[in-house]
Structures are given as C-alpha cells and as structure tokens.
Amino acid sequence: MSGRTRGIRKPMTLSRLLQEVCAVLSLKRLLDRSPTAQAVVVFLLGLGITALFRRDEHPAVWVLHSALYTGIAMTLLAVQRRRAARAVGTDAGGLADLNRKIRHHEVPQEPEEQAAVRRLVAEQLDQMERARKWLPYWLGAMGIVAIGLVVLGAFSGSLVFPLVFAAGMVALCFWVLWMRRRTLERLHWMRQALQHK
C-alpha cells in the first residue's frame with residue numbers, strides 16, 4: 001500500500017504557492033537591479049551556446065569565449081544604463097525601479113517621480129523611434145544569415161543543424177518584434193496615464 005501512495009503528489013497549499021511566487025519575484029527583481037546577476041546569466045548562456053557550437057574545442061576555450069561575450073554585453077548594458085540614468089536624472093537602482101513601474105502600470109504619485117518617469121518614457125520612445133529605422137535591415141540580415149545557413153547545410157549534406165539554427169533565428173526575430181510592440185504599448189499607456197495626472 002505504501003508503494004501506491006508514494007507516487008501521489010500532495011496538493012499545493014496556498015502558503016507554498018505564495019512562497020514560490022515570492023521566490024520568482026525576488027529573483028526577477030535581483031536580475032533587474034543587479035549587474036552581477038545579469039553578468040552571471042549572460043556568462044552561463046554564452047558558455048552553453050559556445051559549448052553547443054564549438055564541441056571540438058577545449059572547455060577552457062568555451063570559458064574564454066563566454067567571458068569575452070559577457071564583457072562585451074555588460075559594457076554595452078552599462079553604457080546604455082548610464083546614458084538613460086543621466087537623461088532621467090537618477091542612478092541605476094532608481095532607473096530599475098522606474099522601469100518596473102512602467103512594466104507594471106504603476107503610476108507614481110509624487111510629482112518628482114512623475115517627472116522622472118515622463119523623462120524616461122520620452123527617452124525610451126525616442127530610442128525606439130531611432131531603432132525603428134534600422135529594424136527592417138536587421139530583420140533582413142537575420143533572414144539572409146538563416147537562408148545562407150540552410151543553403152550551406154544543403155551543400156554540405158547536413159541539414160539538421162542549419163534548420164534548427166534558422167528556426168531559432170526566425171523565433172528570435174518574432175520575439176524581438178513581439179517585445180518591441182509590448183514595450184511600445186506600455187510606454188504609450190504610461191505617457192497617457194501621466195498626462196491625466
């Protein structure tokens with residue numbers, strides 16, 4: 001009888017569910033605010049991708065490549081954050097809090113915080129407008145790379161890896177477009193909400 005009951009899962013209690021939700025939210029907040037946590041995630045992703053594409057090389061090469069990718073990504077992120085924080089008039093932590101408020105549709109009540117959110121919304125909308133000019137070229141380049149990989153795979157006789165990579169690139173392009181649309185909706189919503197304040 002004990003063998004039968006061993007496989008039965010106990011129902012999740014409300015307190016257990018709340019603990020799991022709080023753990024996920026605290027991890028998300030840590031990733032929003034901590035450049036070190038972001039660097040660790042980028043390093044681990046870079047390590048996995050490098051190991052996937054360069055299976056024949058020594059693992060030390062994987063670590064070096066991943067460290068290089070992490071350094072480049074974190075430098076670009078730091079420059080972008082510093083520029084946005086300077087435009088808004090806050091520090092990196094304050095910038096993360098303002099971005100969280102925009103994501104969660106939380107309209108600030110204090111006038112100075114409203115002014116900071118207005119500046120952040122204007123800065124991000126301006127940045128997205130500038131990036132919109134290059135988006136078709138980026139999508140075209142991704143398409144050319146995906147098609148080129150499939151053609152090279154057809155000539156080399158191995159289509160599995162090029163098809164998986166091309167499908168991943170197409171998924172990445174759709175994800176970028178979806179995230180762009182979602183971010184624009186949030187920014188426009190916050191701008192409208194702040195105009196009524």
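Good morning. I begin with helix 5 and helix 6, which pack at an angle of about 80° with their axes 10 Å apart. Angles of 65 to 115 degrees count as roughly perpendicular, and helix 5 and helix 6 are therefore roughly perpendicular to each other. Please bear in mind throughout that this is a predicted model.

Which residues form this contact? From helix 5 there are L95, L98, N99, K101 and I102, and they meet E113, A116, V117, L120, V121 and Q124 of helix 6. By class, the contact of helix 5 with helix 6 comprises seven nonpolar, two polar and two charged residues.

Helix 5, which spans residues 92-103, also packs with helix 7, residues 160-195. Here the angle is about 90° and the axes lie 9 Å apart, so helix 5 and helix 7 are likewise roughly perpendicular to each other. On the helix 5 side the contact involves K101, I102 and R103, and on the helix 7 side R186, L187 and M190. Three of the residues in the contact of helix 5 with helix 7 are nonpolar, none is polar and three are charged. K101 and I102 take part in the contact with helix 6 and in the contact with helix 7.

I turn now to the largest pocket. It holds about 2400 Å³ of space, and 44 residues line it. Nearest its centre lie L77, Q80, W175, M179 and T183. Which elements give two or more residues to this lining? They are helix 2 (14-33), helix 3 (35-53), helix 4 (59-88), helix 5, helix 6 (111-156) and helix 7. Helix 7 supplies the largest share, with 14 residues.

Finally, a word on confidence. The average pLDDT of the chain is 84, and 86% of the residues score at least 70. Where is confidence lowest, and where is it highest? It is lowest in helix 1, residues 2-6, with a mean of 49, and highest in helix 7, at 91. Residues 1-5 have a pLDDT below 50, and this stretch makes zero contacts in the model beyond near neighbours in sequence. Where pLDDT is low, the predicted coordinates should not be read in detail.

To close, I return to helix 7: this helix packs with helix 5, gives the largest share of the pocket lining and has the highest confidence in the chain. Thank you.

Notes:
Residues are numbered from 1 along each chain as its sequence is written. This is a predicted model: local features need pLDDT of at least 70, side-chain atom pairs count only at pLDDT 80 or more; totals for chains, interfaces and linings use all residues. Side-chain values use heavy atoms; hydrogens and water are left out. Axes are lines fitted to C-alpha atoms, for helices over the stretch in contact, and angles run from 0 to 180 degrees between N-to-C directions. Helices (H or I, at least four residues) and strands (E, at least two) are DSSP runs, numbered from the N terminus. Angles under 35 degrees count as roughly parallel, over 145 as roughly antiparallel, 65 to 115 as roughly perpendicular and the rest as oblique. Contact means heavy atoms within 4.5 Å. Ala, Val, Leu, Ile, Met, Phe, Trp, Tyr, Cys and Pro count as nonpolar, Asp, Glu, Lys and Arg as charged, and the others, Gly among them, as polar. On a 1 Å grid over the protein atoms alone, a cavity is a set of points where a 1.4 Å probe fits but cannot get out, and a pocket is an open set with protein on both sides within 12 Å along at least five of seven lines; lining residues have an atom within 4 Å of a point. Grid points are joined across faces, edges and corners, and a volume is the space filled by probe spheres set on the points. pLDDT is the predictor's confidence in each residue, from 0 to 100.
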